[in-house]
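Subject: Handing over a structure

Hello,

I am passing a structure on to you, and it is shown just below. After it come some notes on what I found.

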Amino acid sequence: MEIKSIPNIYFTNNTKYNSYKDNKIMNSKTRFHSYPTASYYPVFKGNTLNKNYDEWFKAYLKYSNEKTSIANEINKTFKNNEYFEFLNNKKNIKILDIGCGNGLLTEKVLNNMISIFPDKKIKIDALDVNDKLLEEFDSRLDKFKNNVIVNSKKQNFFETKSQDSKYDLILASHVLYYADNLDNSISNIYNHLDKKGKAIIVHHSGQDCLLSELRAKYNPASSANLNQNKEEITKKDIIKESLKKQTIPYESFRQYFDLKIPNTKSSSDFKNLISFLIDKPYNSILKENKINNIMQDIKINSDDENKIKLFNNMYVITNTNK
């Protein structure tokens, strides 16, 4: 099926915002930032902020087929002849899941993997910094106990010294935003790969993805958008630059998915979804009197069913060391 490219976003003054022509190139020294601190959101602090962010994310998952789309793309990697033979010859398949979250993506990946390698025992180390999400992760993966050995741990991969553990597959979906040093983090991921193992990094693409455009326009302080304002969204693919600089072999793909915006604007689902899209509490958006502008920008990029087509970039890193 042919995928159409995402249209350029039209902002509320009816001026076309062309991210390829009108943006300044981000300073090459800029790095990914850690998880947003409470100073970004004075209304929320500590656990309250995390709790609200969890609610936003649940609304996003409810109206998005993103995780299924990512898992389907990963499934193609398993069927790659060379990688299939590599995994098929393993007695046990070892997986590292960085920022595993509630396990929704992991569940879909494991369903695919078990169908392809039904006789394999799979061992998975899952890391996240959120206790509640780890509980959901364990509960969700409990159904795989006959096929999968799960070791979940509260741990920030990017703040942990590199260990000797090697993995056949590493998943890092939407987590590199929170790495303080991108080069070191990617190098650390690569160093944890077994020979012929693969690491799959999923990341918002930056300049021409509507989600990044919205956050850049309405919340330039968002760490998920690299703290850039709309004039500074980078023309560069920072992850590709880091991989090339470190001569790490990789392939990159675009992975498309749909997001449906709820019709009922008074519902908590709608408010949580908008909060997630902008990465800012809905009450703050209301106080800034921006909700009408946000909705106009979303509407212009939606189809008749209130769906928006978005995409991530997926980077498949391979350890080619002999």
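Which residues in H7 meet which residues in H11? Leu214, Lys217 and Tyr218 in H7 meet Asn293, Ile294, Asp297 and Ile298 in H11, where contact means heavy atoms within 4.5 Å. By class, this contact of H7 with H11 has 4 nonpolar, 1 polar and 2 charged residues.

Before going on, a word on the basis. This is a predicted model, in which local features need pLDDT of at least 70 and side-chain atom pairs count only at pLDDT 80 or more, while totals for chains, interfaces and linings use all residues. Residues are numbered from 1 along each chain as its sequence is written, and side-chain values use heavy atoms, with hydrogens and water left out. Helices (H or I, at least four residues) and strands (E, at least two) are DSSP runs, numbered from the N terminus.

**The helix pair**

Helix H7 (residues 210–218) packs with helix H11 (residues 291–300) at an angle of about 160°, and their axes are 12 Å apart. That makes H7 roughly antiparallel to H11 (an angle over 145 degrees, on a scale from 0 to 180 degrees between N-to-C directions). The crossing of the two helices, H7 and H11, is right-handed.

H7 is mostly covered, with 8 of its 9 residues buried (under 20% relative accessible area, with a 1.4 Å probe and protein chains only). Among the buried residues are Leu210, Leu211 and Tyr218. Their cover includes strand E5 (193–204), helix H9 (268–278), H11 and strand E7 (307–318).

**The sheet**

The model has an open sheet of 7 strands in the order E3-E2-E1-E4-E5-E7-E6, with mixed pairing; two strands pair if DSSP finds at least two bridges between them. Strand E3 (148–154) and strand E6 (250–260) stand at the edges with a single partner strand each, so one side of each is left without a neighbour in the sheet. Strand E1 (residues 92–98) and strand E4 (residues 167–173) pair in the parallel sense over 3 bridges, and the bridge partner of Leu96 in E4 is Ile170. Helix H5 (residues 131–141) lies across E1, strand E2 (121–128) and E3, running at about 175° to E3.

**Two loop residues**

His174 has a positive phi, near 55°, and lies in the loop between E4 and helix H6 (182–191). His174 is buried, at 14% relative accessible area. Asn306 has a phi near 65° and is found in the loop between H11 and E7.

Best wishes

Note on methods. Parallel < 35°, antiparallel > 145°, perpendicular 65-115°, else oblique. Left-handed = near helix turned anticlockwise from the far one by under 90°. Nonpolar A, V, L, I, M, F, W, Y, C, P; charged D, E, K, R; others polar. Buried < 20%, exposed > 50% of the residue type's maximum accessible area, 1.4 Å probe, protein only.
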